[in-house]
Amino acid sequence: MAERCAVVGIGQTKYDAKRIDVSMPGLLREAALRALEDAELGFGDIDAVVVGKAPDTFEGVMLPENFLADAVGATGKPLLRVHTAGSVGGSTANVAISLIQAGIHERVLAIAWEKQSESNAMWGLSLSPPFQVSVVAGAGGYFAPLIRTYIRRSGAPEDTGIRVALKDRQNALKNPYAHVRIEDVTFEKIAGSPMLWDPVRYLESCPSSDGACALVVTSEAAARSAPRRPAWVLGTSMRSEPNQFHRRDAVNPRAGQLAAKDLYQQAGIRDPRREIDCMEIYVPFSWFEPMWMENLGFAPLHEGWKMVYEGATALGGDTPVNMSGGVLSSNPIGASGMCRFAEAALQVRGEAGEHQVDGARLALGHAYGGGSQYFALALFGSERP
Amino acid sequence: MRDVAIVSFAQWNGIEPERNEVEILRPVVQEAVERSGLARQEIDFTCSGSSDFLQGAPFAFVLALDAVGAWPPIVESHVEQDGAWALYEAWVKIQTGEVDSALVYAFGKTSSGDMAEIQALQLDPYCVTPLWPDADSVAALQARLFLERSGCSDRELARVAARSRRDAMDNPFAVAKGDFALEKLLAEPCRVSPLRDHDCPTHTDGATALVIAAGERARGLCERPVWIRGIDHRIDPPALGVRDLTRSASTSLAGEKAGVRRDRLDFAELSAPYTHQELILREALGLPASVRINPSGGTLCAHTLMSCGLNRIGEAALRIARGEGDRAVAHASQGPCLQQNLVCVLEGE
Amino acid sequence: MGDADPVKAIVTPVRLEYQCSAGRAATRFLRGLAQRKILGARSRPGEPVYVPPRGADPRTAELTEEMVEVSDRGTVVTYSIVRVPSENIKLELPYVCINVLLDGAGIPFFHVLQNCPLEEVRIGMRVRAVWVPDAELAPAVTSIRYFEPLGEPDVPFEEIEEHT
């Protein structure tokens with residue numbers, strides 16, 4: 001019943017710690033204009049705009065899409081603002097895709113962004129009401145204990161996280177948009193970086209970045225006039241679960257497993273490891289890569305770390321992960337999820353430049369948020385479904 | 001397009017400081033689900049609306065999931081907008097064919113913080129917010145322009161207030177209510193000229209939930225499904241000096257797209273926090289004088305930021321379901337001076 | 001205007017005051033702390049006890065109104081050693097952030113472990129709450145200052161794995 005949908009325009013800003021060279025409207029327009037240019041369209045061709053970002057406390061503006069409406073060409077049009085915590089970049093894309101699949105619009109602009117240098121992201125993430133214990137230091141403080149549990153359950157070697165970080169940071173050197181690019185990165189450099197929340201080191205963690213990412217999604221009919229090869233949407237899925245309850249597995253959350261299964265069923269995937277060529281997944285702390293490999297069904301339980309050790313997830317491996325450098329290299333929180341979808345779409349269009357996976361025809365985009373409780377996924381293909 | 005109907009609606013408004021957002025929301029969600037005839041697990045999609053800044057905490061909506069019982073994992077989304085936009089997202093999801101039913105909810109405690117200051121954060125952060133213009137003052141600017149352009153006076157505004165408060169007496173969820181003589185209202189001093197207290201919204205805390213379902217599913221669930229015949233939303237430019245504040249272009253456009261004037265209307269529920277805004281909206285939608293406005297008392301009598309728009313839709317559906325009308329328009333608004341507007345046409349089976 | 005440099009940035013201090021309601025469930029919990037009791041809540045006997053209580057069981061949204069006192073002793077189900085400063089947190093670095101499952105509780109919660117050499121912190125260790133002196137007890141989470149090792153044998157990982 002759903003209409004076919006394709007990504008015909010992709011735009012990203014240069015990600016950086018502080019984009020003081022642009023205002024908020026400027027940041028969004030940088031991504032939006034690039035996406036429109038990529039699709040050879042103008043704002044006037046767009047039927048609706050979907051904006052996504054994480055907590056407004058990151059910029060100190062409430063419902064900022066209101067004041068940004070004209071900057072993103074939304075006046076006189078429908079404008080939605082999605083907020084599903086860290087997965088928002090992904091769910092924003094999914095909402096935009098829904099509008100096409102429902103047959104309501106022909107061309108939708110999806111923009112996800114964060115200019116978190118305007119406020120203080122760690123403060124923004126550590127805010128808790130006065131009657132809760134103040135001990136969790138930011139996202140790292142929340143996830144490090146979960147990583148400790150994964151290591152205990154799986155028996156993974158302690159340097160698994162360093163290996164993932166090395167891979168992602170080397171990949172970032174091939175992505176001109178990436179925020180953190182360490183030319184002389186080595187295993188030792190990462191291993192020697194300060195331990196922040198044991199067992200997570202500084203260079204195994206994501207940065208705090210400003211940035212925006214935009215996608216132009218269209219119907220099949222509108223995709224016919226796209227100047228470049230479209231990235232076809234073969235499926236999207238979302239699942240949520242509460243962040244805490246009796247016997248909750250927060251390391252391998254059921255919501256993530258189900259979101260993946262739903263997606264694979266939509267696209268007719270039976271063996272993800274074999275059939276999916278590459279993926280961009282949300283890895284804010286390097287240990288999440290082996291954890292998500294298991295959660296997404298690419299590796300058996302407790303064996304995700306083996307994929308890392310085998311080099312399977314490297315750019316030249318059989319299942320490359322985060323060819324762009326991932327969240328570890330650029331993390332504008334509200335945009336990061338959409339960056340994953342954008343990079344996956346770039347792969348199947350053959351436009352990922354230096355970090356292109358040869359012959360990539362099926363690429364997975366993945367985003368998660370909250371206490372590993374919100375998941376938004378999409379599968380892109382180079383062939384019309 | 002698939003036919004989608006509202007099959008249940010529940011709300012709660014008031015001030016009960018000892019209850020937090022989840023405790024306020026939970027019984028409302030439960031009531032809406034129970035009344036829908038569907039079991040919680042049978043509802044395919046969940047979408048909500050709320051604001052972090054209203055709550056004073058990031059990711060405020062995360063804890064709200066406790067009110068819903070998201071286990072096994074559910075297909076769920078959230079917008080940082082009034083619940084009316086969450087309804088829109090759910091309606092779209094049903095149109096894709098992926099789901100057949102959805103739970104929509106919204107909540108907010110306006111009593112937690114200073115509404116005047118919080119809402120000032122919605123303006124341009126570079127040139128306007130640093131002046132900290134409170135919401136009443138910003139609305140008053142619009143009111144002054146409207147009175148001058150339309151030739152209306154504060155008497156017309158007071159009429160809206162008096163009528164709304166009188167009608168609110170029949171609504172257990174309205175907070176400002178009573179029989180007020182026009183002259184008495186007009187004798188009050190201005191709060192921010194030309195607006196008096198009665199022209200401004202009475203803030204309160206609240207939670208709202210409703211369930212929608214497609215086609216045959218809806219028919220099987222309730223006596224009189226209330227069909228969403230049209231739904232659309234649009235946004236106007238943000239800068240207060242750039243647009244004609246006395247007219248709501250986005251409401252007119254959304255109304256046109258939603259098909260407001262395709263047929264006769266029995267009544268309208270318009271989310272106008274200020275009295276002059278009701279007059280602006282009425283004009284924007286081209287509603288004839290015969291159309292009764294806000295039989296519930298409207299947002300003026302119970303301003304629950306983030307859920308008041310959804311309340312207008314729910315109140316309209318409630319009346320149609322009860323046989324108090326067959327066709328109505330419901331409206332939700334967001335942003336300073338009615339910047340963003342959603343219009344929804346409802347019709348009983 | 002002349003030679004003035006263009007304005008590149010402005011700083012707008014924002015200060016907002018909020019009154020937060022702990023909510024009925026958390027209120028009972030906090031009042032319990034003032035009496036040196038740790039009160040959790042469950043929907044009915046046989047169901048897990050939520051500490052701190054959240055008002056409803058997140059799985060089912062069933063109200064958890066039956067208050068149950070749990071022990072102030074428990075097991076570390078996982079932990080992290082924090083070495084990075086954070087604006088809202090006043091603890092001296094490095095500190096040990098633990099997820100502790102109190103005896104009788106159905107979920108673990110975050111707190112801090114002290115009086116333990118860093119290299120001895122481990123999953124499965126038994127700990128107990130250290131309270132403030134009676135005169136300082138208040139309906140606040142700060143009534144428990146920290147947790148410290150109890151000196152009992154560790155709990156095998158298999159027994160707590162589901163709670164990690």
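# Briefing: a predicted model with chains A, B and C

Chain C has a mean pLDDT of 92, and 98% of its residues reach 70 or more; pLDDT is the predictor's confidence in each residue, from 0 to 100. The structure is a predicted model, in which local features need pLDDT of at least 70, side-chain atom pairs count only at pLDDT 80 or more, and totals for chains, interfaces and linings use all residues. Residues are numbered from 1 along each chain as its sequence is written, while chains are lettered from A and ligands numbered from 1 in the order in which they are written. The model scores ipTM 0.96 and pTM 0.96.

**Chain A**

- Chain A contains 13 helices and 11 strands; helices (H or I, at least four residues) and strands (E, at least two) are DSSP runs, numbered from the N terminus.
- Its radius of gyration is 19 Å, close to the 21 Å that the globule rule gives for 385 residues, so chain A is as compact as a globular protein of that length. The radius is taken over C-alpha atoms, and the rule is 2.2 Å times the number of residues to the power 0.38.
- Of the 385 residues in chain A, 69% are buried, where buried means that 20 or more other C-beta atoms, placed from the backbone, lie within 10 Å of the residue's own.
- Among contacts in chain A with a separation of 6 or more, 79% join residues 24 or more positions apart; two residues are in contact if their C-beta atoms, placed from the backbone, lie within 7 Å.

**Chain B**

- Chain B has 12 helices and 12 strands.
- The radius of gyration of chain B is 19 Å, close to the 20 Å from the globule rule for 349 residues, so this chain is as compact as a globular protein of that length.
- Buried residues form 67% of the 349 residues of chain B.

**Strand S3 of chain A**

- S3(A) pairs with strand S2 (residues 48-52) of chain A in the parallel sense over 4 bridges; pairing requires that DSSP finds at least two bridges between two strands.
- Within S3(A), A:Leu80 is the bridge partner of A:Val50.
- A:Leu79 and A:Arg81 point one way from S3(A), A:Leu80 and A:Val82 point the other way, and all are buried.
- In a regular strand the side chains alternate between the two faces of the sheet.

**Nonpolar core**

- The largest nonpolar core has 310 residues, and those touching the most other members are A:Ala110, A:Ile111, A:Leu215, A:Phe380, B:Val104 and B:Ile212. Such a core is a set of buried Ala, Val, Leu, Ile, Met, Phe, Trp, Tyr and Cys residues joined through C-beta atoms within 7 Å.
- Helix H13 (residues 333-349) of chain A gives the most to this core, with 10 residues.
- Not counting residues up to four places away in sequence, A:Ile111 touches A:Leu28, A:Ala31, A:Ala32, A:Val49, A:Val51, A:Val72, A:Ala212 and A:Ala214.

**Contacts between chains**

- In chain A, 49 residues are in contact with 47 residues of chain B.
- H2(A) gives the most to the side of chain A that touches chain B, with 5 residues.
- That side of chain A divides into 26 nonpolar, 16 polar and 7 charged residues. Here Ala, Val, Leu, Ile, Met, Phe, Trp, Tyr, Cys and Pro count as nonpolar, Asp, Glu, Lys and Arg as charged, and the others, Gly among them, as polar.
- In chain C, 36 residues are in contact with 33 residues of chain A.
- S3(C) provides the largest share of the side of chain C that touches chain A, 5 residues.

Key: A residue is buried if 20 or more other C-beta atoms lie within 10 Å of its own, exposed if 12 or fewer, and partly exposed in between; C-beta atoms are placed from the backbone.
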